[in-house]
Structures are given as C-alpha cells and as structure tokens.
Amino acid sequence: MAGIYIHIPFCKQACYYCDFHFSTSLKNKQEMLTALCKELELRAPELEGESLKTIYFGGGTPSLLSVSELASLFEVIYKNYQVVAAPEITLEANPDDLSSEKIIQLSKTKINRLSIGIQSFFDDDLQFMNRAHTASEAKKSLTTALAYFDNITIDLIYGLPQMSSKKWLRNLQIAFDFQVPHISSYALTVEKKTALHAFIQKGKVPPVSESKSLEHFNLLVASCESQGLIQYEISNFGKPDYFSKHNTSYWKGEKYLGIGPSAHSFNTVERAWNISNNANYIRAIQKNELPLTIEKLTINDRFNEYVMTGLRTVWGVSLPEVTKNYGAKYATHLKRNTQKFIAKNLLEFNDKSSCFVLTKKGKFLADGIASDLFII
C-alpha cells in the first residue's frame with residue numbers, strides 16, 4: 001500500500017509565517033498542470049505492484065484548481081496506478097475559495113476529505129498572519145462544507161503574540177460547536193526568510209513566546225480530550241475513524257510518491273525531493289527528466305526517522321519493530337537511552353504493546369527527546 005502527494009505550488013497571497021514552496025503568480029498554471037500529469041506518468045513504475053490507498057492534494061493552495069483541472073489529474077492517476085476501491089482523497093482548501101457552488105462541485109468529484117486552512121476564527125489574527133479570508137468566510141465555508149462532506153479537518157494556529165488563552169479557548173470552542181471530526185493545530189513558528197521573521201528582527205512584532213505556546217498547547221490537549229477527540233499525533237486530534245490515513249502513513253514509515261515542485265517521496269530505503277523552482281521543474285519534466293535529488297538512507301538514518309515520527313504518535317516506538325528492522329544493537333541503545341526520560345516522567349514503556357510512548361508532559365518536548373535518542 002502506498003500514497004501519492006501532489007504539490008500545487010500556487011497561492012493568492014503569501015502568509016507571513018509560511019516557508020513552503022509556492023508562487024503568487026498563476027501565469028504558469030496550465031503548464032504546471034501538464035507537467036504534474038506528465039510526472040505522474042513518468043514515475044508510475046516506482047509504485048508498480050503497489051495499491052494506492054491515499055491521494056493528497058497539498059500546497060500551496062490546491063483549492064485554486066477548478067474541478068475540471070482536478071479531474072485531469074485524477075484521469076492520469078487512475079490510468080497509471082492501481083487504486084483501492086475506497087481511497088482517502090484529501091484536498092487542502094482555503095475558506096475564500098470555498099463558495100457554496102465550489103463545495104457542491106467538489107462533493108461530486110472523487111475527493112472525500114477536505115482540509116480547510118482556517119487558522120483562526122478572529123479577523124485580527126487572520127490579518128496578523130496575512131490570510132486571504134475573513135472570520136465570516138471561515139464560518140460560512142465550514143457550515144456549507146459540513147453539509148456536503150462527512151470527513152473534514154481544519155487547521156488552527158496558536159501562540160500568536162496577541163492571542164490570549166481566553167481567545168484561544170474561544171477559537172477551539174467555535175471549532176467544537178461545528179462538531180468537526182478532526183483538528184490539526186500547530187504553534188506559530190518563526191521560519192527564516194519569512195515576513196514574520198523580518199518583522200520580529202525589526203521589532204515590529206514581539207517575538208513568539210514559548211511559555212505562551214506551551215500554555216496554549218496544554219489547553220488544546222485538554223479541550224480536545226474533553227470533546228472525545230483523540231490526540232493520535234502531537235498536532236493532530238481526531239474522532240475514532242477520522243484519523244488522517246495519508247499523514248498516518250508518513251508517521252508509520254510507509255511508501256509515498258511526491259509529485260510537483262518541492263514534493264518529497266519515500267520508498268522505505270531512499271528519500272527523494274523535487275527541485276523547489278516552478279520554471280525549472282516544468283522545463284525538466286518537458287524534457288522527460290525528473291528534477292529529483294535522491295538520498296539513500298543509512299540504517300542509522302532509518303532508525304532515527306522511525307524514532308522521530310513514532311514518538312510523535314499514540315502508537316509510539318515499538319521495541320520488537322526496532323529489533324526486527326534494525327537489530328539488537330539498536331534495541332539496546334533505545335532501552336538504555338530512554339531510561340532518563342522515563343525517570344523524568346516524559347516517556348513511559350507500555351508493557352502490553354512493548355512500545356515507548358510520550359507522556360502528556362513529554363509531548364511538548366517530542367522533538368528534543370527524539371533527537372536525544374538518535375544514533376549519530
């Protein structure tokens with residue numbers, strides 16, 4: 001089983017915090033679509049013998065594509081790949097693209113899951129982030145989407161300088177009132193080469209507070225738990241049967257193919273990524289060349305990635321899996337180096353599943369704990 005991720009590298013405008021690859025010019029959109037279709041054809045042999053269980057349109061802003069443009073991509077996928085009978089097919093969408101008409105059109109396509117980038121239900125937060133939609137559009141799009149789609153997730157961002165804990169709780173309550181079955185929520189992070197980084201450097205915006213982010217994170221975890229949303233990954237909360245199958249495949253180390261500029265692929269022993277330049281990507285594909293960089297992963301790399309992704313999930317890091325896939329030396333390393341985190345109540349060992357799992361206290365420190373368990 002495998003998944004396909006398709007990167008749609010266009011946005012209406014640049015969010016101040018975003019460092020993903022995209023362009024705000026749509027002039028090459030048709031050429032890009034042709035190139036995406038061609039790359040799908042060129043790389044089909046990589047998943048020969050595999051069945052596709054998930055297809056994910058990410059970006060950028062995939063909701064900028066028309067239904068007919070999405071249909072052209074589906075045609076190529078279904079012609080060149082073996083797809084399971086009921087795949088999970090996700091489209092990332094922004095509220096300002098989700099008119100009632102567009103939602104109804106999307107509901108008649110193969111897409112069966114919407115990921116809506118709401119980020120906040122307050123206009124001042126949205127303006128601070130330079131989002132293209134308003135709070136009113138967020139609520140309106142969500143109301144209509146829920147009438148036509150059963151499987152919906154929304155994105156929310158916490159830790160904004162002007163966001164009080166009371167306001168963050170209000171954001172969450174609005175989401176709960178809509179009864180969305182899945183929430184992905186992330187702390188505002190400051191990436192270099194973003195507008196937000198420049199604003200902070202110039203003193204126009206106060207720096208992000210780690211203590212505030214921690215407070216918001218703890219409120220997020222407790223609030224979602226009270227609503228029956230399971231924290232199955234550090235930043236992802238879902239009702240039973242609504243966990244993201246596509247993202248779960250990343251965290252469980254399964255195969256996926258990344259199509260489009262900047263998209264990453266993984267075949268369990270190699271990681272590959274496309275060039276992050278739209279024009280160069282299109283030119284290469286037109287010449288039947290794959291603009292890929294390929295990294296062959298060492299056994300240490302693969303062990304480290306498994307620890308990093310596994311610890312972020314409710315399933316944790318399995319000692320039997322480590323022994324089976326990497327050998328006794330790695331299992332011994334893991335047992336020895338986890339003891340200090342167990343002593344600090346940041347990690348626990350589940351005797352029933354033989355897995356190391358983060359405690360509530362440890363979840364906010366996941367990346368630091370994982371890196372300390374790496375073999376360099």
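**Rings and charges up close**

Author: Let's start with Phe-20, which is exposed because its relative accessible area is 54% (buried means under 20% relative accessible area, exposed over 50%, partly exposed in between, with a 1.4 Å probe and protein chains only). Before going on, a quick note: this is a predicted model, in which local features need pLDDT of at least 70 and side-chain atom pairs count only at pLDDT 80 or more, while totals for chains, interfaces and linings use all residues. Residues are numbered from 1 along each chain as its sequence is written, and side-chain values use heavy atoms, leaving out hydrogens and water.

Back to Phe-20, which you'll find in the loop between β1 (2-8) and α1 (29-42); helices (H or I, at least four residues) and strands (E, at least two) are DSSP runs, numbered from the N terminus. Its C-alpha atom is 8.8 Å from that of Pro-9, a residue 11 positions away along the chain.

Now for rings that meet. Rings of Phe, Tyr and Trp (its six-membered ring) pair if their centres lie within 6.5 Å; planes under 30 degrees apart count as stacked, over 60 as edge-to-face and the rest as tilted. That gives 16 aromatic pairs. Take Tyr-158 and Trp-168, a tilted pair with 5.4 Å centre to centre and 45 degrees between the planes. Tyr-158 belongs to strand β5 (residues 151-158) and Trp-168 to helix α6 (residues 165-178), so this pair ties together parts that are 10 residues apart in sequence. Both Tyr-158 and Trp-168 are buried.

Tyr-306 and Tyr-326 make another tilted pair, at 6.2 Å centre to centre and 35 degrees between the planes. Here helix α11 (residues 299-311) supplies Tyr-306 and helix α12 (residues 319-326) supplies Tyr-326, so parts 20 residues apart in sequence are tied together. Tyr-306 counts as buried because its relative accessibility is 17%, and Tyr-326 does so at 14%.

Rings can gather in groups, too: Tyr-232, Phe-243, Trp-251 and Trp-315 form one aromatic cluster. Trp-315 also has Lys-252 over its face, 4.2 Å from the ring centre (a charge sits over a ring if NZ of Lys or CZ of Arg is within 6 Å of the ring centre and within 35 degrees of the ring normal). Likewise, Lys-110 lies over the face of Tyr-78, at 4.4 Å from the ring centre.

On to charges that pair with each other. A salt bridge is a side-chain nitrogen of Lys or Arg within 4 Å of a carboxyl oxygen of Asp or Glu, and the count comes to 14. In one of them, Glu-254 meets Lys-53, with the closest N and O atoms 3.0 Å apart. Glu-254 is in the loop between α9 (245-251) and β9 (255-259) and Lys-53 is in strand β2 (residues 51-59), so parts 201 residues apart in sequence get tied together. Glu-254 is partly exposed, at 25% relative accessibility, and so is Lys-53, at 24%.

Asp-125 bridges to Lys-167, their closest N and O atoms being 2.9 Å apart. Asp-125 and Lys-167 are both buried.

Then there's Asp-372 with Lys-340, at 2.6 Å between the closest N and O atoms. Asp-372 sits in helix α15 (residues 366-373) and Lys-340 in helix α13 (residues 328-343), 32 residues apart. Finally, salt bridges with shared partners join Lys-12, Asp-96 and Asp-97 into one network.
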